[in-house]
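Hi there,

Here is the structure I promised you. Have a look at it first, and then read on for what turned up in it.

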Amino acid sequence: NESKVIEDIVAHVTSLLDSTDLFVAEHPVGVNSRVQDLIQLINNHKSDDALVIAIWGMAGIGKTTIAKALYNQLSRNFDVRKFVPNIKGRLNDIIWHLHKDLLSVHGISVKTSLMRDSHCISKVFLVIDNVRTDLELLEILSLTRNIREFFGPGTIVIITTRVNTDPFSHIKFNNIYRVKEMDYNECVELFSWSAFKKPTPERSFSGLINYAIEFSDGLPLALVAIGSALSEKNIEEWENVLDRIKTVPLQDVWQILKKCINSVRYKEKKMFVELAYLGYLFIGMDRNDISQLLQEAGHDEARRAIKVLEEHSLVWFEEDKLCMHRLLQHIGTEMYMKESSIEPQQMPHDVFLSFRGSDSRSKFISHLHSSLENADPSEVRNQTGAFGQAFDDLIKGYPHKIKGKEQSWRKALREVGCLAGMKVKKYIVEHVTHMLDMKELFVANHPVGVESRVEEVIKLLRNQQQETPLLLGIWGMGGSGKTTIAKAQRLSAVYKTTKIKIDNTDSGKSILEKRLGQKKILLVLDDVDKLEQIYSLAASRKWFCPGSTIIITTRDEHLLRCLKIDKLYGIKVLNEKESMELFSWHAFKEPSPKKEFALLANEVVSYCERLPLALEVIGSHLFTREVYEWKDVLKKLKTIPNNDVHKKLKISFDGLSDDRDREIFLDVAFFFIGMDKNDVVDILNGCGHSAEIGINILMERCLITVDTKRKLGMHGLL
């Protein structure tokens, strides 16, 4: 028994000496969930045969980190374990050491046995990390072709790679695990560890954090690099760093991602940089349409080349629509422009932005149609032949509109001319038509009281010095007319330039980053309810050309203060005459009420308390109804509010992030209307509330008011 005990002790100590964990990451955010995904795949493998899994994804996505964490968690249960960090030029050496380890487990001398002749039954955990090229994969085949015959039952082989190519079919992987992108919360946590040395961000940096995360596009490598570059810096320094990396990316990230692009052959690389440069055209396009366009543009093997780009994690497809990581697109675009000597501001889709007016627009589009639909690509590229003649005619026909732009247009046409095919031509026509579309926004069917308020806004704008951009906030409760005033046509008289409708944060930011610094613009951000929205689309005044104006409409005054706006316009309530006129237009389709409805109309206007939303909705509901129906509606409204109005107003209440603020609102609504603010604060503090800040928040959200005598008030419908 003594010898058995000694043997057990030696075995135990030996295992402890061999139990050093690999370093995974300083802050392995999100790693555990992905390791659990892999463990689930392993557990689902019911056979005793060796299990071979590929961890696949683009550079910087975290493949090595995940593989190390998996190795630490599982490898101690195996006879032999090996983590191979870099096989480049070392495959024979790696095979020899693995051979030695396998044989030593069974007490077999290396001299007396060769790996291919030994029938070992060792249970092996092998990780081959960072397989970067097709050739490296082929080399691994020599090690793994007969892997299931040589290694013992329960063996696991993990290969991490950014390449997913045909050689994989020879290895016959049991599973290919594509590393999933980090979600928003994981991005925030990982970035915060790098930037603030803690898992949550500083609140004052929240908007800039979102910009950094969006720029990183969820790539762990970029999140860590940018966070580290911003660590221990103030807000102004953050803005400078973030502005700089838009044009001069962090070298660590740049070099790694550029190596990925350079790892493919010349033809595939050329196609990739063209896809990146013309991303506004190709990203989101169907796979078959892209292949057809590229075929017509001279890429003979477009379908195969796209497959190669996909296999090397340079692009991917979701629902058969092309996707590309933002940083890869940025690098590809820079590579294309460097090779083509194109200046950043001369992107082809910005060419014709300054045209205005229906006559010039329709004539120009007709020129474009007639010139492009039958043009040879070389004619577009060199402005010769029929296309060149039409282009010259256009230059001569609109000299005042084209002044100073001819050369940049010609250079851009040289780039557009590299594409051919009807679909590209059709896209160019449609895209230019869209960019030249100067239709005014619909304001309202009956814009009662809007003109006078727009004049007040314009007066604020004209008082601003034009050397710097102006930020103007329009603030008011839901349904008070903020959006209507912002959309009003008279505002367009302040600036005579192109207007671009922005549908969402992502598309807006992409447009703004490319154009804001070069044009005097009018930008309206409507119905903002989160600070992140403002920072995403108007994070820095440095984005904007002097003389530009940014108008932000919101129910939350605090958001505007955080942005340090220049001017604040609080929506003025309608007077009695305006209220009756607006209501009458909707209830009677004329500016005043019918005689037999006059008293009832006064009751409704009184009930609506001059809120445009309520006047319009309830007025429309009463249109064409009889007197007795009006009376029934009024009776019902006193107990059950109109649903459309109710939903609109409840948005502000639901937007309160703290339950205690909601409780204060309800307490004020039930008990404290008309009371002195200080008395209410004392009462609520005695009930355990933080009443001062709570009431201020409600005031900022237009949910309560405090008059000049410090009496609390609230709109009747609220």
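How are H34 and H35 oriented to each other: parallel, perpendicular or oblique? Before the answer, some background: this is a predicted model, in which local features need pLDDT of at least 70 and side-chain atom pairs count only at pLDDT 80 or more, while totals for chains, interfaces and linings use all residues. Residues are numbered from 1 along each chain as its sequence is written, and side-chain values use heavy atoms, without hydrogens and water.

**Two packed helices**

Helix H34 (residues 659-672) packs against helix H35 (residues 677-686) at an angle of about 125°, and their axes are 12 Å apart. The two are therefore oblique to each other (angles under 35 degrees count as roughly parallel, over 145 as roughly antiparallel, 65 to 115 as roughly perpendicular, and the rest as oblique). From H34, Ile664, Asp667 and Phe672 meet Val680, Ile683 and Leu684 of H35 (contact means heavy atoms within 4.5 Å). By class, this contact has five nonpolar residues, no polar ones and one charged one.

**A helix with two faces**

In helix H32 (residues 627-637), Trp630, Val633, Leu634 and Leu637 are buried (under 20% relative accessible area, with exposed over 50% and partly exposed in between, using a 1.4 Å probe and protein chains only). These residues lie on the same side of H32, because they cover an arc of only 100° around the axis. The face turned away from that buried side carries the exposed Tyr628, Lys631, Lys635 and Lys636. Among the elements covering the buried residues of H32 are helices H29, H30 and H31.

Enjoy exploring!

Conventions:
Axes fitted to C-alpha atoms, helices over the stretch in contact; angles between N-to-C directions. Helix = DSSP H or I, 4+ residues; strand = E, 2+ residues; numbered from the N terminus. Nonpolar A, V, L, I, M, F, W, Y, C, P; charged D, E, K, R; others polar. Arc of directions from axis to C-beta.
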